[in-house]
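Please walk me through this model in the viewer, stop by stop. At each stop, say what to select and what is found there.

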Amino acid sequence: MQAYTYIEKGKFALVEKPKPTLIDPTDAIIKVTLGSICTSDLHIKHGSVPRAVPGITVGHEMVGIVEEVGSDVTAVKVGDRVTVNVETFCGECFYCKNGYVNNCTSPHGGWALGCRIDGGQTEYVRVPLANQGLNRIPAGVTDEQALFVGDVLATGFWAARISEISENDTVLIIGAGPTGICTLLCCMLKNPKRIIVCEKSEERREYVRKNYPSVLLTTPEECQDFVITNSDYGGADRVLEVAGANDTFQLAWQCARPNAIVTVVALYDEAQVLPLPQMYGKNLTFKTGGVDGCDCEEVLKLIAEGKIDTTPLITHRFPLSQIEEAYRIFENKEDGVIKIAIYN
Ligand SMILES: [Zn+2]
Ligand SMILES: [Zn+2]
């Protein structure tokens with residue numbers, strides 16, 4: 001089968017690999033029907049994910065059909081349509097039991113698929129600890145509707161949950177890329193008083209304006225003044241930093257009112273400065289990135305009920321054989337791209 005593979009820093013390539021087989025009784029083999037490209041794939045390509053193993057098949061956003069299950073897999077059966085979780089977790093350790101599945105202490109735990117073991121930009125993928133890592137797609141929910149459940153949408157859902165948003169809040173979301181928009185959709189479910197999205201790309205601001213007209217929009221340059229004008233207490237009550245650019249972490253805490261919660265969702269390419277003397281007295285609470293993707297069943301239910309729809313994010317579709325071109329468009333943010341679906 002064809003598998004898009006991390007060759008070395010700066011280079012991915014489509015190579016021929018054997019179809020994966022079951023290794024552990026908790027494994028499942030999934031026939032990938034639809035996958036996607038994530039910014040984290042680009043982080044691997046650029047060498048900023050040190051734990052990524054050269055030679056692995058990349059891709060950690062996918063849906064598919066259960067092809068084969070190990071003897072200990074009870075949550076799904078052959079033929080089920082499923083979402084695949086970006087995280088592998090045991091469900092039994094201290095962290096899993098508390099919902100912190102990103103910190104699962106199993107040797108397989110954390111972000112393994114498409115990073116430390118073969119992922120999903122291919123035809124078949126072996127999913128370890130499949131009882132936790134797969135969720136059945138409800139009847140009536142399409143592959144495209146379910147595509148982002150295991151990764152970007154899980155991230156947006158988690159970010160909105162840990163930000164403790166109430167109906168009186170002014171919520172600032174920095175970044176309207178794919179994860180930013182998923183975060184926006186999940187924040188909207190909390191019915192805050194107002195949501196401000198800060199995004200530097202005019203094209204993406206236009207996308208938000210068109211699809212979510214109730215959202216207030218600003219640019220990084222105008223953000224701080226805009227937030228002060230459009231909030232009740234001199235800053236945002238909740239800030240969700242989803243951009244991960246060079247200066248967006250500073251912008252995030254600067255736009256927060258005293259005693260706000262600042263949730264850092266972004267994965268940065270470079271170290272960030274926490275200027276404690278300057279922020280002294282603001283009494284901020286910071287929550288840092290690393291999705292606990294354990295709410296996939298709830299997210300799928302919300303999709304089935306029509307409360308979350310991420311299909312407008314899919315701006316492009318390519319077959320696996322043309323994944324190179326898909327990456328080129330995604331990486332260069334060409335042609336109004338938000339997300340690309342890769343089909344088999
Ligand atoms: Zn991802
Ligand atoms: Zn665990």
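Predicted model: local features only at pLDDT ≥ 70, side-chain atom pairs only at ≥ 80, totals over all residues.

**Domains**

Begin by colouring the chain by its domain assignment, which gives domain 1 (2–151 + 292–343) and domain 2 (158–287). Taken over C-alpha atoms, the centres of domain 1 and domain 2 are 27 Å apart. Now show the contacts across the boundary: 16 residues of domain 1 meet twelve residues of domain 2. On the domain 1 side, helix 1 (residues 39–45) gives the most, with three residues. Coloured by class, the side of domain 1 that touches domain 2 has five nonpolar, seven polar and four charged residues.

**The largest nonpolar core**

Next, select Ala28, Ile30, Leu172, Ile173, Val239 and Ala252. These belong to the largest nonpolar core, which has 103 residues, and they touch the most other members. Helix 5 supplies the largest share of this core, seven residues. Domain 1 (2–151 + 292–343) and domain 2 (158–287) both contribute residues, so the core lies between them. In soluble globular proteins, nonpolar side chains tend to be buried together.

Stay with Ala28 and display its surroundings. Not counting residues up to four places away in sequence, Ala28 touches Val66, Glu68, Val69, Gly70, Val73, Val76, Val127, Ala130 and Leu134.

**Helix 5**

Select residues 152–162, which form helix 5. Nine of the eleven residues here are buried, so helix 5 is largely enclosed by the rest of the structure. The buried residues are Val152, Leu153, Ala154, Thr155, Gly156, Phe157, Trp158, Ala159 and Ala160. What do the buried residues of helix 5 pack against? Their partners are strand 4 (61–69), helix 6, strand 13, strand 14 (256–264) and helix 11 (296–304). Then step just past the end of helix 5 to Glu164, where phi is positive, at about 50 degrees.

Switch to a cartoon view and find the open sheet of six strands, which has the order 12-11-10-13-14-15 and parallel pairing. Strand 12 (216–218) and strand 15 (285–287) are the edge strands, each of them pairing on one side only. From one strand to the next, the twist averages 20 degrees.

Within this sheet, select strand 10 (residues 170–174) and strand 11 (residues 194–198); five bridges join these parallel strands. Which residue of strand 11 stands opposite Ile173? The residue is Val197. Ile173 was also selected at the core stop, as one of the residues that touch the most other core members.

Helix 6 lies across strand 10, strand 11 and strand 13, and runs at about 165 degrees to strand 10.

**Ser231**

Go to Ser231, in the loop between helix 8 (223–229) and strand 13 (236–241). Is Ser231 buried or exposed? Ser231 counts as buried because 22 C-beta neighbours are found inside 10 Å, where the threshold for a buried residue is 20 or more. Leaving aside neighbours within four places in sequence, Ser231 is in contact with Thr170, Ala236 and Arg257. For a distance label, pick the C-alpha atoms of Ser231 and Lys193: they are separated by 9.4 Å, and the two residues are 38 apart along the chain.

Most residues other than glycine have a negative phi.

Asn191 lies in the loop between helix 6 and strand 11. Asn191 counts as exposed because it has 11 C-beta neighbours inside 10 Å. Asn283 is in the loop between helix 10 (276–279) and strand 15. With 9 other C-beta atoms within 10 Å, Asn283 is exposed.

**The hairpin of strand 1 and strand 2**

For the last stop, select strand 1 (residues 2–8) and strand 2 (residues 11–16), which pair in the antiparallel sense over six bridges. One of the bridges to show is that of Glu8, whose partner in strand 2 is Lys11. Two residues lie between the strands of this hairpin, and Gly10 takes a positive phi near 90 degrees there.

Terms used. Residues numbered from 1 in each chain as written. Chains lettered and ligands numbered in written order. Helix = DSSP H or I, 4+ residues; strand = E, 2+ residues; numbered from the N terminus. Buried ≥ 20, exposed ≤ 12 C-beta atoms within 10 Å, placed from the backbone. Contact = placed C-beta atoms within 7 Å. Pairing = 2+ DSSP bridges. Axes fitted to C-alpha atoms, helices over the stretch in contact; angles between N-to-C directions. Domains from an automatic or database assignment. Nonpolar A, V, L, I, M, F, W, Y, C, P; charged D, E, K, R; others polar. Core = buried A, V, L, I, M, F, W, Y, C linked by C-beta atoms within 7 Å.
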